[in-house]
Amino acid sequence: MLAAGTPAAGLSTATGELLADRLADQLRRAGAAEVRFAATLDELAALADAADGPLLVTGTDLVAHTAVLRHLATSPVGPTVALVLTDPPVPGRTAVREERGQVVDAGPLTDLDGDATGVFGGALRVGVDDLPNLAAAARAAAVGARPVTAPLGPAGDVSPLPAGGGAGHDDPSSAVDRLFAGLAALGTLIFAQRVRLLVAHRVEDAAGLVAAEAAVTSVDEDRAELRLAVKEKDDFFTTYFVSTWSPHVVRWAARLRLTPTGVTVISVLFALAAAVLFGVGGRLALVGGAVLLYLGFVLDCVDGQLARYTRHFSAWGGWLDTMADRAKEYLVYAGLGFGVSHAGLGNGWALAIAAMTLQTVRHMTDTWYGVLHDEAARRPRAAAGASGGIGDRLNAASTRVQADTGSLSYWLKRTVVFPIGERWALIALTVALFNPLVSLIAVLVWGALAFAYTGALRTLRARWMWVPVLDTVDATLHRDDGPVARRLPVVRPMGPLTLAVIAAPGPAVLLVTALWGDTPDGLRWAVPVALLVLLAGGLGAGAAHNGPLDWLVPAALRAAEYLFAIAVGVVGGAPGWLIFAYVFVLTVHHYDLTARLEKRQTAPPLHAATLGWDGRSVVLTLVAIAGIVRIGMATLGAYLLVVFVASVVLAWFVRPARGARASAAPVGAGGAVPR
C-alpha cells in the first residue's frame, strides 16, 4: 500500500494506528467486499484488468467520515463517481470543473483558466464499464504520459493508492491525482460527489492530520447524514413546508425498518384516498382530501430521503418512484374531474384529460431538455455553440441565478416553472378553499403559462448550444415508432421536428370540430383524413435527428397521438372517463420510456407489442370507421395495460431471477459458465 517517500504514509492518527490502516478499516465499514493495496499505478492497472465489479480507489492521505466513503460507494447518480471537495487547490492536487453534477474538466488549476469549481478529493468509484479506461489511465500515469484514446464506458474491491508520486517521472502530482486526471482526459463520464455537511480533507503532514481529525470529530455523523438525506436544492414549497420536518419522519421510518419502496406504496394510497374524497365532494371531504394530498406529498419526499439516509438504492426503486409520482398525480386529476362532473359544475373529465395531456407533454420536454443540457456540459465549450447572442446571455443569466441560492430571483425561477411541489400545493389549497373546478382550471392556467415560459427560453438556449441528443440514443425507441412509421419513406429536407409538428394539426382540427359540432358521430369518415396528417410524423423516422431542436420530437409526437386519441373518443361518443383511462395508459407507457432513459436502461421487453404511436392510431381509426369506438378503445387500452404489466414483471422480476439462477448454476450441471 505504501510507497517510499509518500508524505502521509507514516502518519499516525489520534488513536495510534496508521492513517492508511484506519482508512482501510473505514472502507470495509463502508461496504467494501475486499480491500487490496496497490503500491504502484501498474499494480492498480492489473487489479482493474482482473476486476469483475466496480472499484473504489482512494489515496492514503484522506481523512473523512466513514459516511463519505459509504456515500461514494453507493452513489446512484452514475457508475463512475469522484469525491470533489471545496478545499483551496494546492500544488500537486487536481482541480475540477463540474456542470450539472458532472466532471467536465480536470487537471492542474492553471489549465482550467479560472473555471475550477472544486478539487479532487482523492477517492473515486469506477464502474465496471469504465475499468478499461481506469487501467489505461493508470498505465499512462505510471510513466508520466498522457493517456491515449480508450473505449468509453457508461463496491467491490477497494484499492488505496500511494499518496505520493510514483517512480519514473518528475510529476509532483500524487498518483491518485494523475490517475483521476487521466481518466477524465479519456472522456469517461464522471459524476461529482460533494461532501456538504460531512468532513473530508487530504493531509500532507502531522499538523494537517490533527486539524482534519478535529474537524471530523466536531460533526455528528448520523445527524449530518439525516440532514443530507434532504436534497440540496429543491422547490420552494418542498423546502419550506415539507423538508423542515420530513427528516423526523425519515428517522421514524428507518427505525421501523420501512423500505423506500414501502413508503412509495403508502404515498400512493394517500393520493388515491385524496382522489376519492375529491370525487365524493362536500366541504369536509374536500378539506380531508387536501390534507391527505399534502401528507401524500410529504411521503413522496420521504421515500427518496429514506433511500439516501439508509443508502438503499435500486434501479427498481428509482423506476417505481418515477412511475408512482405520475400515477398519483393523474389519479388526483381523475378524482377532481369526477368531482366536477358529479357536482354538476361542468365537463370535469375534459378538464382532467387536458391537465394530464399538458403535464405529460411538459414532462417529455423537461426530460429531453435535461438530456440535452447534460450532453452539452460534457462537450467542449467551443463545440457547444458560438459565443454571444441571446442564447449565450440567457445561459449566463440562468447560471448566475442558480448560483444565487435563496435569493428572490432564485425562488422565482424555481417556482414559475410549476414543479410538482407547487402543483400539489395549488391543488390542495384551491380544492379546500373552493372546489375541484377551480383547482383544475388553476392547474391548467399555471401549467400552460409555465410551458410557454420554459419552452421559449429553452428553445433559445438549445439553438445556442446546438447539441444533438436523439442521435446519441435509440431514436426509434424514444420516438415510440411502430411498424407503420418504420416503413414510411423518409422526407429528409423538412427535418423530423417539422414533420412531428405537422402531425398534430389534423387531430387538433378534428377534435375542435367534434367538440363544437352538433353531430360528432357524423365525423367518422374524417378520422382517416386526420390519421393521414398524423402519419406525417412518421416520414421523419429514418432521418438524422441532429438539429438543435430535435430533442422536442418525442414531446411533439406524444401531443399528436394524445390529440388523435381524444378526438377519436369524442367522435365515437366514448365517455370522458374512458378517454381519460386510455390516455392514462398511454402516459404510463411513455413514462416508462423516459424513466428508462433517465436510468440508462434498455427497451422494455415487450416494447414491440405496444404497436407504436402509429400502429395504435391505425387501430383507433379502424374502430372509428366501424362505429365501435367504445369497445375498441376499452379493448386496446386493456391490451396495452396488460402488455405494460407483463413487461414490468419480465424486466424487473423474471429476467433478473433467471440471470441469478444462471450465474449460480455450477458448471457441468446445465448452467451457464460464470464469467
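Me: What is a cavity?

Reply: A cavity is a set of grid points where a 1.4 Å probe fits but cannot get out. A pocket, by contrast, is an open set. The general idea is simple. Rolling a probe the size of a water molecule over the atoms shows where empty space is left. Note that this model is predicted.

Me: How much space lies in the largest cavity?

Reply: About 90 Å³. Its lining has 13 residues, and those closest to the centre are His589, Thr610, Leu640, Val643 and Phe644. Look for α24 and α26 (629–664), which each give two or more residues to that lining. By class, the lining has 7 nonpolar, 4 polar and 2 charged residues.

Me: What volume does the second largest cavity have?

Reply: About 50 Å³. Met364, Trp368, His478, Pro554, Arg558, His590, Leu593 and Thr594 line this cavity. Here α13, α23 and α24 each supply two or more residues. Of the elements, α24 gives the most, with 3 residues. The classes are 4 nonpolar, 3 polar and 1 charged.

Me: Now the open kind. How many residues line the second largest pocket?

Reply: The number is 17, with Ala350, Ile353, Leu515, Ile566 and Val570 nearest the centre. About 320 Å³ of space lies in this pocket.

Me: Which elements give two or more residues to that pocket's lining?

Reply: They are α13 (348–378), α21 (505–516), α23 (553–571) and α24 (576–598). The most comes from α13, with 5 residues.

Me: How do the residues of this pocket's lining divide by class?

Reply: There are 12 nonpolar and 5 polar residues, and no charged ones.

Technical notes. Residues numbered from 1 in each chain as written. Predicted model: local features only at pLDDT ≥ 70, side-chain atom pairs only at ≥ 80, totals over all residues. Heavy atoms only, no water. 1 Å grid on protein atoms, 1.4 Å probe; cavity = no way out; pocket = protein on both sides within 12 Å on 5 of 7 lines; lining within 4 Å. Points joined across faces, edges and corners; volume = space filled by probe spheres on them. Helix = DSSP H or I, 4+ residues; strand = E, 2+ residues; numbered from the N terminus. Nonpolar A, V, L, I, M, F, W, Y, C, P; charged D, E, K, R; others polar.
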